[in-house]
Amino acid sequence: MNVYAEFLNCLEHARSIDARVISAELRGCASPFAARRWIVPDGYQTSILAPVLNCEEEVDVVVDQERGTFRYRSPAQPRRVLTRSLDEIAIYAFNVDAWLDAIADAFEFENAHRARRRLVIDGHLWHLGNLRVGRTHHFAPIYVARRLTQCADDWRKQLIDPLRPSHGIVLTAGEVDVDWPNGHQRCGIDDLLIASGDGIACDIEVLGRLLRGVPANAADTDEWFDERTGELKLVHMAAPRVFKGKQKAVIATFWKARDQASIKWSDVVTQTRCSKDPDSAFGSGWNEWIEKTAFARYRIRSRRLVA
């Protein structure tokens with residue numbers, strides 16, 4: 001059983017990640033979840049529905065924590081007192097952070113590339129970290145999503161943020177019928193993280209297929225953009241150049257669109273709030289990194305677009 005995937009399934013069915021749940025709502029995984037501290041005890045039910053004739057009746061229960069049991073009087077036979085395991089009426093709270101920690105460990109992120117701020121959209125989207133693609137300077141972000149299409153916030157805006165790497169992987173419990181922006185792609189959590197003995201491991205073959213569209217071989221090491229540091233290196237540049245602030249955001253936008261023929265400068269302004277044209281944004285010399293392709297349209301001078 002892949003308890004990592006089962007936990008996300010439970011989160012999908014819960015009305016919120018702050019909801020309290022009982023054992024019956026945990027897909028038979030209460031024990032392994034509790035052992036990993038993904039759920040924590042939060043009291044017991046004070047009543048249950050007990051069968052009587054062809055229906056059910058709510059009855060109060062008496063908890064005996066010392067014996068680990070609870071008892072109640074049978075509504076069908078009032079003189080009969082029934083005793084059952086306390087686990088059946090235990091109430092739990094989700095400990096999502098502990099579960100996310102375990103997933104991040106399975107990916108073995110480099111320490112510097114684990115997400116410092118994991119929460120993207122409360123209760124719906126988390127960023128675990130950025131995974132190095134092969135031996136290149138490119139990093140692919142790994143996200144975990146729950147009920148993404150039902151959240152009130154604009155989740156697409158978060159995934160196209162110029163400060164976030166493109167071409168990432170979004171782990172979900174099942175299919176999500178949306179167009180993923182910015183080169184991101186969805187993967188079922190149980191397709192990428194597979195049970196391995198008592199633990200979990202990342203399926204390297206599946207991960208490789210997901211990253212096939214991302215520069216991932218040694219030949220790409222002479223051309224990169226590090227979105228964390230702002231360092232850009234193109235094949236014709238003698239040395240890397242570091243960009244900061246809005247200049248970094250502009251370069252990030254062009255780098256993410258490097259597979260396109262060009263993009264409008266007005267679209268860059270909308271995304272980054274930079275200056276009205278390249279001269280105002282960079283001063284002289286900008287055409288070393290960006291080239292004009294048509295009126296008000298530009299692209300990065302990546303070798304991937306050289307005819």
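**Entry 1. Backbone angles**

I began with the terms for accessibility: buried means under 20% relative accessible area, exposed means over 50%, and partly exposed covers what lies in between. The model I consulted is a predicted one. I looked up arginine 37 and found a relative accessible area of 49%, so this residue counts as partly exposed. I located arginine 37 in the loop between helix H2 (30-35) and strand E2 (39-44). Its phi is near 65°, a positive value in a residue other than glycine. I noted this angle because most residues other than glycine have a negative phi.

I then turned to glutamate 108, where phi is near 55° and again positive in a residue other than glycine. Glutamate 108 sits in the loop between helix H3 (96-107) and strand E9 (119-121). With a relative accessibility of 68%, glutamate 108 is exposed.

**Entry 2. Confidence**

I recorded a mean pLDDT of 87 for the chain, with 94% of the residues scoring at least 70. Where is confidence highest in the chain, and where is it lowest? I found the highest mean, 96, in helix H1 (residues 3-13), and the lowest, 83, in helix H6 (residues 204-210). Over residues 215-220 the pLDDT stays under 50, and the model has 14 contacts beyond four places in sequence for this stretch.

**Entry 3. A buried lysine**

Is lysine 256 buried or exposed? I found a relative accessible area of 10%, so lysine 256 is buried. The residue belongs to helix H7 (residues 245-256). Leaving aside neighbours within four places in sequence, I listed the contacts of lysine 256; among them are Ile160, Asp161, Pro162, Asn182 and Glu227.

**Entry 4. Cysteines**

Cysteine 187 is buried, at 5% relative accessibility. Cysteine 274 is buried as well, with a relative accessible area of 10%.

**Entry 5. A three-stranded sheet**

I traced an open sheet of three strands in the order E5-E6-E7, with antiparallel pairing. Strand E5 (62-64) and strand E7 (81-85) stand at the edges with a single partner strand each, so one side of each has no neighbour in the sheet. From one strand to the next, the twist averages 25°. Between strand E6 (residues 69-73) and E7 I noted five bridges in the antiparallel sense. Across this pairing, phenylalanine 70 stands opposite arginine 84 in E7.

**Entry 6. Aromatic rings**

How many aromatic pairs are there? I noted a count of 16 aromatic pairs. In one of them, phenylalanine 33 and tryptophan 38 have ring centres 6.0 Å apart and planes at 35°, so the pair is tilted. Phenylalanine 33 is buried at 0% relative accessibility, and tryptophan 38 is buried at 1%.

I also examined phenylalanine 243 and tryptophan 289, whose ring centres are 5.1 Å apart with planes at 85°, so this pair is edge-to-face. Phenylalanine 243 lies in the loop between strand E18 (241-242) and H7, and tryptophan 289 in the loop between helix H9 (278-282) and strand E20 (290-294), so the pair ties together parts 46 residues apart in sequence. Both phenylalanine 243 and tryptophan 289 are buried.

Finally, I followed the ring pairs that link Tyr4, Phe7, Phe33, Trp38, Phe94 and Trp99 into a cluster.

Definitions and conventions: Residues are numbered from 1 along each chain as its sequence is written. This is a predicted model: local features need pLDDT of at least 70, side-chain atom pairs count only at pLDDT 80 or more; totals for chains, interfaces and linings use all residues. Side-chain values use heavy atoms; hydrogens and water are left out. Helices (H or I, at least four residues) and strands (E, at least two) are DSSP runs, numbered from the N terminus. Buried means under 20% relative accessible area, exposed over 50%, partly exposed in between (1.4 Å probe, protein chains only). pLDDT is the predictor's confidence in each residue, from 0 to 100. Contact means heavy atoms within 4.5 Å. Two strands pair if DSSP finds at least two bridges between them. Axes are lines fitted to C-alpha atoms, for helices over the stretch in contact, and angles run from 0 to 180 degrees between N-to-C directions. Rings of Phe, Tyr and Trp (its six-membered ring) pair if their centres lie within 6.5 Å; planes under 30 degrees apart count as stacked, over 60 as edge-to-face and the rest as tilted.
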